[in-house]
Amino acid sequence: MAAGHRSVPDGQGRVGRPVAGGRTIAAAEAAAGPGTRAGSAGPIMRVRSASAPAPGRAVNEDLAFQFGPLVGVLDGATVPEGFDTGCRHGPAWYVRHLAARLGLAAAARPAATLVSSLAAAILAVRADHGGECDLDHPGTPSSTVCLLRSSGDEVDWLVLCDSPLVLDVGGRVDVVVDDRLETAMVDLRRMAATLPEPADDGDRVDRFRRAVGLQRERMNRTHGYWVAAADPDAAYHALTGTVPLRGPGGLRRAALLTDGASCAVEQFGLFDWAGLLDLLTTEGPGALVDRVRAAERDRPDRLRRHKPTDDASAVLCEFDPA
Ligand SMILES: [Zn+2]
């Protein structure tokens, strides 16, 4: 299984997928007001976030949120045009409801693990669909999940699918990447490469349809990839961990990113992970989104293969010394 927690001292991430075109748009950057002191005497957590839809798109299928000590980013899977999902709501609805249900689950059971809260939230969103959607449909709305929760003395985190977490732990930068989706896609691309070249546009469309069908077959399956959708079991396949907030190995900063923002490092190589944390700290999350939009315009050689541009979200959590 290719999922893992890795230290990236040189900041070199995965190499990636193309993007084309795009223009800078103003990111909705918000300082989340005064810090949250979750525990009685723990360090104050200060949170800043930005989330912006892809240029030219009105709907943002990403979502960044904070409910007290719980912060997160979600990245709803875009449905390719013309594909059925069995759901009358869609990805933006799904991420809004999943975020709200995560907040409720964490409020109702503050001592529960993040895995347990995520499972409860997925289950609650099943009910939110209202009974008219086919939740067994392979195209049912889905989302990545990246969560961090401060309990005063330590921080719990959870990463599910392609939304990485960057941790500055006592001056060392660790990156948590769940690359099971990427591994599945590499596998599918290898299979696709063995097929004959499409003869015309009809063949191309047919081939794309089959590729999407194959990807859907791997969602939330052993030896496939795991993502928040309609199956609460996915929560139990998330990467999780806990880091202390005190002492020399204590957490100083954390960045929660959707792949539309992490591509600054992973695709465009604008800076390493430590440089990304420094940019977030000095200029704020909106500046990171602006840098990505500029790179999408100016560095077409680094464009991702399957998306011209993407929704982008970043949350920075900073911890003052106790
Ligand atoms: Zn629905």
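Two strands pair if DSSP finds at least two bridges between them. In this predicted model, Leu-147 has Leu-158 in β7 as its bridge partner.

**Sheet**
- Five strands form an open sheet in the order β4-β5-β6-β7-β10, and the pairing is antiparallel.
- β4 (62-67) and β10 (239-244) are the edge strands, each pairing on one side only.
- On average, neighbouring strands of this sheet are turned by 10° against each other, direction ignored.
- Six bridges link strand β6 (residues 143-150) to strand β7 (residues 154-160) in the antiparallel sense.
- Helix α2 (residues 114-128) packs on the sheet and touches β6, β7 and β10. The direction of α2 makes about 45° with that of β7.

**Nonpolar core**
- The largest nonpolar core has 81 residues. Leu-118, Val-166 and Ala-255 touch the most other members.
- Domain 1 (29-177 + 226-319) and domain 2 (179-225) both give residues to this core, so the core lies between them.
- Beyond its neighbours within four places in sequence, Ala-255 contacts Val-166, Leu-276, Leu-277, Leu-280, Ala-314, Val-315 and Leu-316.

**Helix α5**
- Helix α5 (residues 259-266) is mostly covered, with eight of its eight residues buried.
- The buried residues include Asp-259 and Glu-266, along with Gly-260, Ala-261, Ser-262, Cys-263, Ala-264 and Val-265.
- Among the strands they pack against are β4, β5 (70-76), β11 (251-257) and β12 (312-319).
- The buried residues of α5 also pack against helices α6 (273-283) and α7 (285-298).

How values were computed: Residues numbered from 1 in each chain as written. Predicted model: local features only at pLDDT ≥ 70, side-chain atom pairs only at ≥ 80, totals over all residues. Helix = DSSP H or I, 4+ residues; strand = E, 2+ residues; numbered from the N terminus. Axes fitted to C-alpha atoms, helices over the stretch in contact; angles between N-to-C directions. Contact = placed C-beta atoms within 7 Å. Core = buried A, V, L, I, M, F, W, Y, C linked by C-beta atoms within 7 Å. Buried ≥ 20, exposed ≤ 12 C-beta atoms within 10 Å, placed from the backbone. Domains from an automatic or database assignment.
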